[in-house]
Amino acid sequence: MNSYTFFWIALAVLFGAVEATTTNLTTIWFAVASALMAFVSLLDISAPVQLVIFALLVTALLILTRPLVKKLLVKKTVATNADRVISQPGIVLEDVDPIENSGQVKVLGQCWSAKSENGKAIPKNTNVIVVGLEGVKVIVKAADGE
């Protein structure tokens, strides 16, 4: 083994350690290419040529594997429970009053405490759209500019 071999092994370990502290698969290809370069360096190739081979390996690994890995690791978020009311229509059951910090709306058949998006009161029986959640309250705005 020559000094280049130790360099590539150390670099592979360094990139591996960096990858272990992150979750977005940014340096794994550099770690793999460095490990492969440790074997290439045994062929007694000059340093500039090794750097070119390393760059080509990293590029090839990124192009060939990153899209596949990203596709396999993507977690599909499914709106559950409270999240599913966002963007849903509702109706005001009890005046939404920002001064009293009160109000209730019915969304998807459930009653929710509510607060208005713009800080203005919304009267009973007004059609609303849920624009967000804040704790256990839905944040609503009047539908159709009511």
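# Exercises on a predicted model: strand pairing and helix packing

Strands β3 and β5 run parallel and are joined by four bridges. Strands, like helices, are DSSP runs numbered from the N terminus (E, at least two residues, for strands; H or I, at least four, for helices), and two strands pair if DSSP finds at least two bridges between them. The model is predicted, so local features need pLDDT of at least 70 and side-chain atom pairs count only at pLDDT 80 or more, while totals for chains, interfaces and linings use all residues. Residues are numbered from 1 along each chain as its sequence is written, and side-chain values use heavy atoms, with hydrogens and water left out.

## Exercise 1: the barrel

Task: State in which order the five strands close into a barrel, and describe the pairing.

Solution. 

Step 1. Take β1 (residues 89-97) and β2 (residues 102-107): five bridges join these strands, which run antiparallel. In this pair, G90 has V107 of β2 as its bridge partner. The hairpin of β1 and β2 has four residues between the strands, and N101 there takes a positive phi near 55°.

Step 2. Go on from β2 to β3 (residues 110-116), an antiparallel pair with four bridges. K106 is bridged to C111 in β3. Two residues lie between the strands in the hairpin of β2 and β3, where L108 has a positive phi near 50°.

Step 3. Strand β5 (residues 137-142) is joined to β4 (residues 127-134) by six bridges, and the two run antiparallel. V130 faces V140 in β5.

Step 4. Three bridges join β1 to β4, again an antiparallel pair. Opposite P89 stands I129 in β4.

Step 5. The five strands therefore close into a barrel in the order β1-β2-β3-β5-β4, with mixed pairing. From one strand to the next, the twist averages 50°.

## Exercise 2: helix α1 against its partners

Task: Find how α1 is oriented to α3 and to α2, and give the residues in contact for α1 with α3 and with α2.

Solution. 

Step 1. Two packed helices are described by the angle between their axes and the distance between the axes. Axes are lines fitted to C-alpha atoms, for helices over the stretch in contact, and angles run from 0 to 180 degrees between N-to-C directions.

Step 2. For α1 (residues 3-21) and α3 (residues 47-73), the angle is about 30° and the axes are 12 Å apart. This makes α1 roughly parallel to α3, given that angles under 35 degrees count as roughly parallel, over 145 as roughly antiparallel, 65 to 115 as roughly perpendicular and the rest as oblique. The crossing of α1 and α3 is right-handed; a crossing is left-handed if the near helix is turned anticlockwise from the far one by less than a right angle, and right-handed if clockwise.

Step 3. In α1, Y4, W8 and F15 make the contact, and in α3 A47, Q50, L51 and F54 do. Contact means heavy atoms within 4.5 Å.

Step 4. For α1 and α2, the axes come within 8 Å and cross at roughly 160°. That makes α1 roughly antiparallel to α2. The crossing of α1 and α2 is left-handed.

Step 5. T5, W8, I9, L11, A12, F15, G16 and E19 of α1 meet I28, F30, A31, S34, A35, M37 and A38 of α2.

## Exercise 3: helix α2 against α3

Task: State whether α2 is parallel, antiparallel, perpendicular or oblique to α3.

Solution. 

Step 1. The axes of α2 and α3 come within 9 Å and cross at roughly 140°.

Step 2. That makes α2 oblique to α3. The crossing of α2 and α3 is right-handed.

Step 3. Residues of α2 in the contact include W29, F30 and M37, and those of α3 include Q50, F54 and L57.

## Exercise 4: an aromatic pair

Task: Describe the geometry of the pair F15 and F30.

Solution. 

Step 1. The structure holds four aromatic pairs. Rings of Phe, Tyr and Trp (its six-membered ring) pair if their centres lie within 6.5 Å; planes under 30 degrees apart count as stacked, over 60 as edge-to-face and the rest as tilted.

Step 2. F15 and F30 lie 5.3 Å apart centre to centre, with 35° between the planes, and the pair is tilted.

Step 3. F15 is in helix α1 and F30 in helix α2 (residues 28-40), 15 residues apart, and the pair links distant parts of the chain.
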